[in-house]
Amino acid sequence: MPSSLALLQADLVSIVGEANVISSGDTLDTLSKDYYWYSPSLRAQLDEKRADLVVRPATTAQLRAVIAACFTANVAITPRGAGTGNYGQCMPLHGGVVIDLSRYDRIHSVEGGVVRADSGARLGAIETVARAAGWELRCYPSTWMKATLGGFFGGGAGGIGGVRWGGIAAIDTVVSITILTIEAEPRTIRYEGHEAMIALRTFGTTGIMTEIEMRLAPKLDYDQLAFSSTDWAQLLDWTDAATRNGAWRKRVASQFQWPIPSYFKPIKKHLRDNEHVSFLIIDRAQTAEVIAAAEALGIACVYNRPLADPPKPPFLSDFTYNHTTLWAMKSEPAYTYVQAGFGADFRNQISRLTTEFPGEVLMHLEWGAIDPKRVVGPDSSPDAIGVGAIPLILYKNEARFIEIIAFARSIGISVSNTHNVHLPDSTPEITAARLALKHQVDPRGLQNPGKMKAFTINPFIGAAG
Ligand SMILES: Cc1cc2nc3c(=O)[nH]c(=O)nc-3n(C[C@H](O)[C@H](O)[C@H](O)COP(=O)(O)OP(=O)(O)OC[C@H]3O[C@@H](n4cnc5c(N)ncnc54)[C@H](O)[C@@H]3O)c2cc1C
């Protein structure tokens, strides 16, 4: 290790103690990685990436001192929550220090439907505390038992609850985000409401989030239901109608084309061979009504378990969102995924895509709120819901993968190719606002260098970035 890093290591030990500075071994490897290996192209790019040091502050004072020490040593800094991201978002592209925030996890308060917590607090822990006070998370990723609040806002998108409340960027969910800047004397900046949006999902490039305030929803009791049918189109009509029914209060609406259900090993005994499946997590008060409506159409409810309060398994959400991909990869490692969004013509788009690439593209749908304000209640509107997908793609090679994406786009499906370490392209306005924020909070370009393409200062490979 170069002497400057050895000096930094000694500084970090003096701040957080020896046990919380890691410089070698399996733990260093593990804490340098996330779930980037979902992507064949990222595997090739990132397999060798490693931090030089991992440091684990537990308080804001320690975090501030750690940032200051790293700034003085002029090393790259990469914040990490639980490392469950899929695109190498918390992986250090240029070595340096990974700041593992998993010990920085205090839940300060749940008051008036707003939780105030440190960014390393786990979403599952927040849900437990919130439910005890009569509230629940509006939206959380299927990794909620591990994933942190800061990691969700830094790298996530949406998830369970999104069918009612939209994703992380939904209006009103974020009350405030406080960050520390990457400077010799880190400054504290607090962004509120709409202003905070620009600091969301920036892959840890725009300051280190410390405290976050997030709005919650009044809690409901839920049942977790699975419906089964041999007829994909009929099941699609049923799931879609159930989702757009504003009177039914849901937390999840997903649908899986056979053989995807065959990969769900822990619940496979409940599912039927050669049948497609849809999941609804629904207000328990409405379970009987929902099952009766399905059965009237000949669609069987094959799984019905309460969602425990406080939360404990089984969680049907363990098979939704990017958990679906994980289960499929356990059976067939060549599967990967993309994120897609359909238009009003989704039935036709889904049919064309799966017909064009039979067995190569398997459909996994997730419904989400486009306009959360109009999803339930008297003003509910079917148009407030959109159909998204995380289809499985049997990966053959890069050229074929790009061909599939190009075909999907040619028939009007929006596809986000997530097999990329860079912050995805956005509108010119958002890109410009993020760039301005980056210059303000990380003037020397030490934080997650290489992830924000628009920001060309990268001291680790020269000014060209
Ligand atoms: C099986 C599986 C299922 C998934 N399902 C979903 C899903 O349903 N919905 C979804 O949106 N995502 C999903 N993901 C992706 C991921 O789990 C979520 O985005 C999760 O919220 C990430 O949280 P984390 O704590 O692990 O963050 P990390 O992976 O540690 O970090 C994510 C990003 O945030 C940055 N970051 C972390 N903490 C801070 C901080 N305090 N300040 C500044 N930046 C910070 C990191 O640098 C990184 O860029 C899934 C992934 C897997 C493997």
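So, the place where the two domains touch: 17 residues of domain 1 are in contact with 20 residues of domain 2. Contact here means that the C-beta atoms of two residues, placed from the backbone, lie within 7 Å. Domain 1 covers 107-218 and domain 2 covers 222-416, with bounds that come from an automatic or database domain assignment. On the side of domain 1 that touches domain 2, helix 5 (123-132) and helix 7 (162-165) each supply at least two residues. That side has five nonpolar, nine polar and three charged residues. For these classes, Ala, Val, Leu, Ile, Met, Phe, Trp, Tyr, Cys and Pro count as nonpolar, Asp, Glu, Lys and Arg as charged, and the others, Gly among them, as polar. Between the C-alpha centres of domain 1 and domain 2 there are 26 Å.

Two bits of housekeeping. Please keep in mind that this is a predicted model, where local features need pLDDT of at least 70, side-chain atom pairs count only at pLDDT 80 or more, and totals for chains, interfaces and linings use all residues. Residue numbers start from 1 along each chain as its sequence is written. When I say helix or strand, I mean DSSP runs numbered from the N terminus: H or I with at least four residues for helices, E with at least two for strands.

Okay, the ligand. How many residues surround the ligand? There are 38, and the closest are Gly-81, Gly-150, Gly-151, Gly-154 and Gly-204. A residue is near a molecule or strand if its C-beta atom, placed from the backbone, lies within 6 Å of it. The elements giving two or more residues to this shell are strand 3 (77-80), helix 6 (149-155), strand 10 (208-215) and helix 11 (321-331). Helix 6 gives the most, with five residues. By class, the shell divides into 14 nonpolar, 22 polar and two charged residues. And each of domain 1 and domain 2 puts at least three residues into the shell.

Let me stay with helix 11 for a moment. Its buried residues are Tyr-321, Asn-322, Thr-324, Thr-325, Trp-327 and Ala-328. Buried means 20 or more other C-beta atoms within 10 Å of the residue's own; 12 or fewer is exposed, in between is partly exposed, and the C-beta atoms are placed from the backbone. What do the buried residues of helix 11 pack against? The answer is strand 13 (250-256), strand 16 (335-337), strand 19 (364-369) and strand 21 (392-394).

Now to the loop between helix 8 (193-196) and strand 10, which is where Arg-201 sits. Arg-201 has a positive phi of about 50° although it is not a glycine, and Arg-201 is buried, with 21 other C-beta atoms within 10 Å. Phe-203 lies in that loop between helix 8 and strand 10 too. The phi of Phe-203 is positive as well, about 55°, and again this is not a glycine. Buried or exposed, then, for Phe-203? Buried, with 22 other C-beta atoms within 10 Å.

As background, most residues other than glycine have a negative phi, and most peptide bonds are trans. On the peptide side, a cis bond joins Trp-258 and Pro-259, with omega about 15°. Pro-259 is in the loop between strand 13 and strand 14 (276-283). Another cis peptide bond joins Asp-309 and Pro-310, with omega about 0°, and Pro-310 is in the loop between strand 15 (300-306) and helix 11.

Over to Val-174, in strand 8 (residues 174-180). Val-174 is buried, since 23 other C-beta atoms lie within 10 Å. If you leave aside neighbours within four places in sequence, Val-174 is in contact with Ala-196, Met-197, Leu-200 and Met-214.

Last stop, a helix pair. Helix 1 (residues 3-16) and helix 4 (residues 60-73) pack at an angle of about 170°, with their axes 10 Å apart. The axes are lines fitted to C-alpha atoms, for helices over the stretch in contact, and angles run from 0 to 180 degrees between N-to-C directions. Helix 1 and helix 4 are therefore roughly antiparallel, the word used for angles over 145 degrees; under 35 is roughly parallel, 65 to 115 roughly perpendicular, and the rest oblique. Residues making the contact include Leu-8 and Ile-15 of helix 1 and Val-66 and Ala-69 of helix 4. By class, this contact has nine nonpolar, two polar and one charged residues.
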